[in-house]
Amino acid sequence: MMLLLSACGTSNSGDKGGAEKETFTVGLEAGYAPFNWTQADDANGGVKIDGNAEYAGGYDVEIAKKIADGLGKKLVIVKTEWDGLVPALTSGKIDAIIAGMSPTAQRKETIDFTDNYYKSNLVMVVKKGGKFDGASSIQDFKGAKISAQLNTFHYSVIDQIKGVNKQPAMDNFPAMRVALESGVIDGYVSERPEGVSAQSANENYKMIEFNDGFKTSDDDTAIAVGVAKDSKLTDKINKILSGISEDEQTSIMDAAIKNQPAAQ
């Protein structure tokens with residue numbers, strides 16, 4: 001009986017004993033275009049969201065597909081709120097976080113990260129033709145109502161703007177875009193791909209790139225795959241990521257920006 005039970009063992013994370021999983025389960029928001037978004041069908045390589053009639057697409061999804069293929073496993077996408085991603089990983093609900101997440105020192109206390117699969121710069125998204133349309137320095141936003149996503153370093157860098165009117169952090173990027181459109185905020189901090197995405201999706205938005213920008217660390221602006229502490233997946237994923245050149249990363253991101261649904 002003991003042998004039988006042993007043979008039937010399973011593992012939540014797929015790398016701590018038991019039977020080898022046939023799936024690679026990835027958590028992401030599906031609401032952070034062009035890294036990830038929700039769409040109605042499988043157009044442009046969209047992957048069905050687990051337990052949902054909708055599909056996920058975007059840069060993160062394309063990277064997740066490459067990793068799943070390299071691992072020889074079926075990709076499963078689990079749509080998860082940003083604040084729920086790390087708990088989902090540590091509890092074994094998902095095998096990895098591929099969600100435009102930066103490998104910050106604080107997150108490294110709880111989970112591990114692979115090598116980077118993208119690197120970007122911080123920008124500000126504002127209203128086109130508005131008061132801050134011509135900004136070139138973060139200090140041009142003195143007095144501006146500025147926000148960023150909850151529990152991200154984007155929110156902390158707002159403090160580098162002297163005299164800024166820092167607004168409460170928001171749950172996600174769609175909420176910030178609505179707040180910007182309605183005038184609740186004057187701008188929000190984002191990474192360049194999302195900024196390009198925002199102004200491509202809505203002609204009323206403009207992305208501001210800075211001559212005098214935010215001071216950040218390399219880990220803050222890098223994007224990596226989040227995995228459980230001491231996961232055996234880390235080395236395997238790093239090997240797969242090493243085969244994706246910077247030129248290919250750029251090509252995948254350009255395609256993601258082009259293919260994102262307009263509603264994003």
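The model is predicted, so local features are described where pLDDT is at least 70, side-chain atom pairs count only at pLDDT 80 or more, and totals for chains, interfaces and linings use all residues. Residues are numbered from 1 along each chain as its sequence is written, and side-chain values use heavy atoms, with hydrogens and water left out. Helices (H or I, at least four residues) and strands (E, at least two) are DSSP runs, numbered from the N terminus.

Two strands are taken to pair if DSSP finds at least two bridges between them. Strand β8 (residues 122–127) runs antiparallel to β12, and 4 bridges join the two; M124 has I208 as its bridge partner in β12. Strand β8 is also antiparallel to β11, with 5 bridges between them, and here V123 has S190 of β11 as its bridge partner. The pairing of β9 with β11, by contrast, is parallel and involves 2 bridges. In this pairing, S147 stands opposite Y188 of β11.

Buried means under 20% relative accessible area, exposed means over 50%, and partly exposed lies in between (1.4 Å probe, protein chains only). Because 5 of the 5 residues of β11 are buried, this strand is largely enclosed by the rest of the structure. From β11, G187, V189 and E191 point one way, while Y188 and S190 point the other way, and all are buried.

Salt bridges come next. Side chains of opposite charge can pair when their charged atoms come close. With a salt bridge defined as a side-chain nitrogen of Lys or Arg within 4 Å of a carboxyl oxygen of Asp or Glu, a search of the whole structure finds 11. The side chains of E194 and R177 meet in a salt bridge of 2.8 Å, N to O. This pair links distant parts of the chain, with E194 in helix α7 and R177 in helix α6, 17 residues apart. E194 is buried, with a relative accessible area of 0%, and R177 also counts as buried, at 7%.

The side chains of E209 and R192 meet in another salt bridge (2.9 Å, N to O). E209 sits in the loop between β12 and α8 and R192 in helix α7, 17 residues apart. E209 counts as partly exposed at 44% relative accessibility, as does R192 at 35%. D219 forms a salt bridge with K108, their closest N and O atoms being 3.1 Å apart. Here D219 belongs to helix α8 (residues 218–221) and K108 to helix α4 (residues 105–108), 111 residues apart. D219 is partly exposed, with a relative accessible area of 31%, and K108 counts as partly exposed at 36%.

Elsewhere in the chain, 3 strands form an open sheet in the order β2-β4-β3, with antiparallel pairing. The edge strands are β2 and β3 (47–48), each pairing on one side only. Strands β2 and β4 (residues 55–57) pair over 3 bridges in the antiparallel sense. Within β2 (residues 37–39) lies T38, whose bridge partner in β4 is A56. At 13% relative accessibility, T38 counts as buried. A polar atom of the T38 side chain lies 2.7 Å from the backbone oxygen of A30. The side chains of T38 and K79 are joined by a polar contact of 3.0 Å. Such a contact is a pair of N or O atoms within 3.5 Å; within protein, one must be able to donate a hydrogen and the other to accept it, and residues adjacent in sequence count only if both atoms are side-chain atoms.
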